[in-house]
Amino acid sequence: MEMRHKILVLDDDADWLNLCNEMFAHLPSEPEIRTVVSGARALALLETEPFRLLVCDLKMPRMDGLQVLSIVRRRFPELRTVVLSGLEDEEFRSRAYALGVDLFWLKTDMQVNSQMFLDCIESLLGRDMEGGFRGIQSKSLMDIIQMECLSRSSTVLRITRGPLVAKLWIQNGELIDAETEGARGEAAFLRILAWKSGTFENLPAESGRERTITRPVNALLLESAQSIDETADSVEPGSIEQTAHRKTIWKLALLTREGAEFVIVVPPEGQGEIETMGTQPSEPLAKWARRAVETAKRLGERIEAGPLSHIAGHNLERQMLVLNRGNECFLVGWPPNVAAGPLLEKSKKLVSSWDS
Amino acid sequence: MGFLKRFFRSRAAVQQLPAGSVAVDRNGHVLTYTVSSAYPKELLRDIGQEVLSLFREARAAQMPLAEVSIHFASLHITARELRGGAIIFLFPQAAFSPITTRPRL
């Protein structure tokens with residue numbers, strides 16, 4: 001028996017809820033529709049029942065739509081979200097998209113173009129059901145993975161190379177797990193990337209798969225490419241010390257080439273050691289960077305300003321930029337004479353190639 | 001019941017982002033501001049205190065800062081240190097807002 005998707009519609013206007021109920025009932029996939037009039041009730045329902053899509057109003061008493069979406073984003077990352085609002089203000093549109101909603105639609109637009117809106121809803125409901133066998137590819141594995149990630153798709157990539165079989169789990173454009181021949185996670189992924197040829201097929205996504213890979217796929221691809229190059233170039237197999245030394249030299253060269261003064265990689269408190277490259281005393285600055293990110297995140301949540309992008313600071317001696325990446329943050333120091341405009345892009349570039 | 005609801009229904013509202021400037025003293029008290037008076041004062045005070053704590057902790061780390069910017073997806077906060085206090089500029093970001101250049105001392 002085919003499972004019907006569930007849609008949760010949140011709006012404080014009962015008449016509007018009835019209208020949505022009638023409209024969504026005519027969707028081709030015949031989803032099950034539930035309606036609620038408050039954010040608190042919506043969150044309670046989401047905790048108890050699996051929903052595919054949340055359609056949310058913005059302007060509501062007590063808990064507004066942005067607050068609801070901010071909580072939903074953290075607690076139910078796989079839930080598709082649509083904002084259906086009467087607020088014709090670009091600020092709210094950009095804030096909603098900053099919170100990761102899939103679609104922002106004005107109620108007034110819906111009345112004149114309801115079919116397009118329904119098509120969008122149907123598309124959002126069915127995105128993960130499309131999967132299946134999409135054909136054997138004859139491209140490189142790196143190309144396939146990059147395409148899947150760029151298209152933000154969810155799939156399981158099955159790779160066969162003679163007797164060897166591997167699987168990669170991609171969820172919403174992020175590589176979450178890999179498995180081959182007894183290995184799992186990053187180790188398995190790096191091993192698969194070393195395969196020179198093979199065949200690929202796409203299987204339906206497995207949403208419940210446990211995440212074992214947390215680093216961005218691009219960093220892993222770069223690392224793999226570098227490791228393949230190093231293996232090919234090395235005259236004698238390098239020891240661990242040699243590899244570490246080579247990495248240090250490479251990072252210093254990167255730092256010098258970009259013109260940065262220092263980079264400090266700050267893990268969460270109590271989880272690993274601070275890594276410093278450059279001349280600055282790392283401990284107090286790392287502590288400041290960690291506290292600054294915590295402070296900014298707390299403030300952002302309080303004033304509903306969306307996710308933190310970065311923190312910048314300067315004095316007469318230097319400029320600093322704190323970039324938050326996953327669990328850890330990077331503090332990059334620059335001399336004062338570097339133009340402020342491209343500083344963010346330069347820092348991002350430095351950080352993205354740091355682990356490679 | 002419907003009649004009573006007309007009078008006692010709670011007002012719907014979405015929290016606006018603050019736009020304008022705020023001056024705070026070294027103790028985090030708001031001295032003056034150009035942000036809309038509809039914006040909650042306690043949130044302005046929170047912004048001031050968190051910004052001051054960033055400056056204070058940077059000083060403790062032997063890296064006193066003259067200016068700090070916090071970039072969120074929907075709001076940019078730029079603060080300049082003023083003798084222990086700060087003047088804070090708040091710029092909401094729209095989807096197509098032009099890229100702002102950072103003011104320098």
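**Close-up views of a predicted two-chain model**

**View 1. A strand of chain A pairs with a strand of chain B.** In this predicted model, A:G313 has B:V68, a residue in strand 3 of chain B, as its bridge partner.

**View 2. The contact between chain A and chain B.** Where the two chains meet, 45 residues of chain A are in contact with 40 residues of chain B. The size of an interface is often given as the accessible area lost when the parts come together. For chain A and chain B the area buried between them is about 3800 Å², of which 61% lies on carbon and sulfur atoms. On the side of chain A, the residues that lose the most area to chain B are A:W288, A:I303 and A:H314, which together account for 19% of what that side buries.

**View 3. Polar contacts and salt bridges across the interface.** Between chain A and chain B there are three salt bridges, and one of them joins the side chains of A:R298 and B:E50, with a distance of 3.0 Å from N to O. Twelve residue pairs are found in polar contact across the interface of the two chains, with both residues of each pair at pLDDT 80 or more.

**View 4. The elements of chain A that face chain B.** At least two residues of the side of chain A that touches chain B come from each of helix 4 (90-98), helix 11 (282-303), strand 13 (308-314) and strand 14 (319-325) of chain A. Helix 11 of chain A gives the largest share of this side, with twelve residues. Sorted by class, the side of chain A that touches chain B consists of 22 nonpolar, eleven polar and twelve charged residues.

**View 5. A buried histidine of chain B.** B:H76 has its place in strand 4 (residues 75-82) of chain B, and B:H76 counts as buried because its relative accessibility is 16%, which is under the 20% limit for that class. The side chain of B:H76 is joined to the side chain of B:H71 by a polar contact of 3.4 Å.

**View 6. A partly exposed arginine of chain A.** A:R75 is found in helix 3 (residues 65-75) of chain A, and with a relative accessible area of 46% A:R75 is partly exposed. Although A:R75 and A:E47 are 28 residues apart in sequence, their C-alpha atoms are 9.0 Å apart in space.

Methods:
Residues are numbered from 1 along each chain as its sequence is written. Chains are lettered from A and ligands numbered from 1 in the order in which they are written. This is a predicted model: local features need pLDDT of at least 70, side-chain atom pairs count only at pLDDT 80 or more; totals for chains, interfaces and linings use all residues. Side-chain values use heavy atoms; hydrogens and water are left out. Helices (H or I, at least four residues) and strands (E, at least two) are DSSP runs, numbered from the N terminus. Buried means under 20% relative accessible area, exposed over 50%, partly exposed in between (1.4 Å probe, protein chains only). A polar contact is a pair of N or O atoms within 3.5 Å; within protein, one must be able to donate a hydrogen and the other to accept it, and residues adjacent in sequence count only if both atoms are side-chain atoms. Contact means heavy atoms within 4.5 Å. Buried area is the accessible area (1.4 Å probe) that two parts lose on being put together, summed over both. A salt bridge is a side-chain nitrogen of Lys or Arg within 4 Å of a carboxyl oxygen of Asp or Glu. Ala, Val, Leu, Ile, Met, Phe, Trp, Tyr, Cys and Pro count as nonpolar, Asp, Glu, Lys and Arg as charged, and the others, Gly among them, as polar. Two strands pair if DSSP finds at least two bridges between them.
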